[in-house]
Amino acid sequence: KEIFSAYGTVLSCKAIPPKNGGTKGAALVKFSSVEEAQWVQENLNGNLAEGLDQPIVVAFSQSGGAGKGGGGAGAGGKGLAAAAAGFGKGAPAAASWAGSSGSAGGDNLFIGDLPPDITDAQVKEVFSAYGTVVSCKAIPPKNGGTKGAALVKFSSVEEAQWVQENLNGNLAEGLDQPIVVAFSQSGGAGKGGGGGASASWGKGGAAAAAGKGAPAAANWAGSSGSVGGDNLFIGDLPPDISDAQVKEVFSAYGTVVSCKAIPPKAGGLKGAALVKFSSPEEAQWVQENLNGNMAEGLELPIVVHFAKSGGGGGGGGG
């Protein structure tokens, strides 16, 4: 802030340390006007800034100054970054997970266009440079896709908002391709049904699932998050989904110990399933992050609750 305040009014800035033994840092700097940012880009790119002893690279951040419709260097904007990059091409899961870009809010982010083999540990390492990562989950590509994705929960709404506004369409330190960042439809790890498309699906609990053609919901499902355990009831599934398909879909989010598809009854249009994970922590993550959202490989949002058996497959869940 001290360096670049010499060239304009700095509203916000974030230093990005080098990764993997790199020797160069970077920063995102937001100025008070497009004109100030343009002046800095035109006059400091490739030159020495006062107080530094090496030339710097200056390009417009593709988020266009905290996400306000900006673009690359041609479009201008208030936000400047150390490197220009092309917009993300869209991860396969983006439409399923992501709310509108910046409108949903919350502390939970969907991040797309990641390397296909990225791990939970690598996701945490990359995004810990931008805030305190409370939890994260890497989502591998499906059906021969080439892009992975992740859900990352930060310690505050403000941190998540900063990351969404400044990294969407840009390169994160340690990655070599631009990423897509949007608020997860759960609106912060499943607290309150979230924003975006999920709101109409996530607020009805077990009764809502039953009303959409899965009559077993009221019998199987506990309250959303209050029961705990490793066994989940999942409603609003395709009516013809099989045990094998259930396992394939939910194995992306944890170790599925056992599962059972439940076909719709009495002409209903929605199937359901009981899925037992290897730990209560995995089950809790799925319940908090998938309830009211679309799982990778499905076309409609699903309902996720802890099964009344509370883990261990009792009552038909095993």
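Asn291 counts as buried in this predicted model, because its relative accessibility is 11%, under the 20% limit. Asn291 is found in a loop. That loop runs between helix H9 (280–290) and strand S12.

Val304 belongs to S12, which spans residues 303–306. Both faces of this strand are covered. Val303 and His305 are buried on one side. Val304 and Phe306 are buried on the other.

S12 pairs with strand S9 (residues 231–237). The pairing is antiparallel and comprises four bridges. Within it, Gly235 stands opposite Val303, and Phe233 stands opposite His305.

The two strands are part of an open sheet of four strands. The order is S10-S11-S9-S12, and the pairing is antiparallel. Strand S10 (256–262) and S12 each have a single partner strand, so they stand at the edges and one side of each lacks a neighbour in the sheet. Neighbouring strands are turned by 20° against each other on average, direction ignored.

Two helices accompany the sheet. Helix H8 (residues 243–250) packs on it and touches S9, S10 and strand S11 (271–277). The direction of H8 makes about 130° with that of S10. H9 lies across S9, S11 and S12. Relative to S12, H9 runs at about 145°.

Notes: Residues numbered from 1 in each chain as written. Predicted model: local features only at pLDDT ≥ 70, side-chain atom pairs only at ≥ 80, totals over all residues. Heavy atoms only, no water. Buried < 20%, exposed > 50% of the residue type's maximum accessible area, 1.4 Å probe, protein only. Pairing = 2+ DSSP bridges. Axes fitted to C-alpha atoms, helices over the stretch in contact; angles between N-to-C directions. Contact = heavy atoms within 4.5 Å.
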